[in-house]
Every structure is written in structure tokens, then in C-alpha cells.
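Please view the sequence and the model alongside the text.

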Amino acid sequence: MGIIAWILIGLLAGLIAKALMPGKDPGGIIITMLIGIAGGLLGGWLGKALFGVDSIDGFFEISTWIAAIVGSIILLALYRVITGNRRRSHA
């Protein structure tokens with residue numbers, strides 16, 4: 001997949017992760033896209049490491065989207081924990 005496909009998957013996977021995990025999120029569209037791209041990489045790596053499958057096959061493959069969304073949810077949860085603790089300590 002090309003860089004444009006990774007950016008598009010990252011943006012959409014990040015948006016889907018935010019929709020599945022409602023709540024207040026710090027950061028805008030750039031943070032969402034970065035979490036989605038990194039989530040796709042994390043999801044692909046976890047799929048390979050845990051299940052021995054190549055989950056990042058192509059843009060229109062369901063396994064690519066599932067891996068990206070699951071990875072994005074994991075990273076979004078971590079992002080909320082990190083930024084939530086930082087925000088509370090200043091208040």
C-alpha cells in the first residue's frame with residue numbers, strides 16, 4: 001500500500017476508534033490520523049505476532065481494517081491514560 005492509502009486508513013481507523021470509544025479526547029484530526037496510522041502498524045504487528053497471520057494485506061481487505069481499528073483503539077486508550085494524567089496534574 002502507498003503512503004496515501006496509509007494516511008487514509010489511519011484517518012478512518014482513528015475516527016472509527018474514537019466513535020467506538022466515546023468521551024473527551026485531546027487532540028484534533030492530526031492526532032487522530034497519527035493514532036490511526038500507528039494503530040494500523042500495531043494491529044498488523046500484533047496479528048503477526050499473536051496469530052501468525054499477515055493482517056495488513058491491502059486497502060480493501062477486511063483484515064487490514066480490523067487490524068488498524070483494533071490497534072487504534074489500543075493506542076487511543078493509552079493516549080487517554082497518558083494525557084488524562086497529565087491534564088489532571090496541572091488542574
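Contact here means heavy atoms within 4.5 Å. Helices (H or I, at least four residues) are DSSP runs, numbered from the N terminus. By class, this contact between α1 and α2 has 8 nonpolar, 5 polar and 1 charged residues. Ala, Val, Leu, Ile, Met, Phe, Trp, Tyr, Cys and Pro count as nonpolar, Asp, Glu, Lys and Arg as charged, and the others, Gly among them, as polar.

The model is predicted: local features need pLDDT of at least 70, side-chain atom pairs count only at pLDDT 80 or more, and totals for chains, interfaces and linings use all residues. Residues are numbered from 1 along each chain as its sequence is written, and side-chain values use heavy atoms, with hydrogens and water left out.

Two packed helices are described by the angle between their axes and the distance between the axes. For α1 and α2 the axes come within 7 Å and cross at roughly 105°; axes are lines fitted to C-alpha atoms, for helices over the stretch in contact, and angles run from 0 to 180 degrees between N-to-C directions. The two helices α1 and α2 are therefore roughly perpendicular to each other, a term that covers angles of 65 to 115 degrees.

Thr32 belongs to helix α2. Apart from neighbours within four places in sequence, Thr32 is in contact with Gly10, Leu11, Gly14, Leu15 and Lys18.

| Residue | Relative accessibility | Class |
|---|---|---|
| Thr32 | 3% | buried |
| Gly27 | 42% | partly exposed |
| Val70 | 43% | partly exposed |

Gly27 lies in the loop between α1 (3-20) and α2 (29-51). Not counting residues up to four places away in sequence, Gly27 touches Lys18 and Tyr79. Its C-alpha atom is separated by 9.8 Å from that of Thr83, 56 residues apart along the chain.

Val70 is placed in helix α3 (residues 62-90).

The largest nonpolar core has 5 residues: Ile9, Ala13, Trp65, Ala68 and Ile69. Such a core is a set of buried Ala, Val, Leu, Ile, Met, Phe, Trp, Tyr and Cys residues joined through side-chain atoms within 4.5 Å. Helices α1 and α3 each supply at least two residues of this core, and its largest share, 3 residues, comes from α3.

Methods:
Buried < 20%, exposed > 50% of the residue type's maximum accessible area, 1.4 Å probe, protein only. Parallel < 35°, antiparallel > 145°, perpendicular 65-115°, else oblique.
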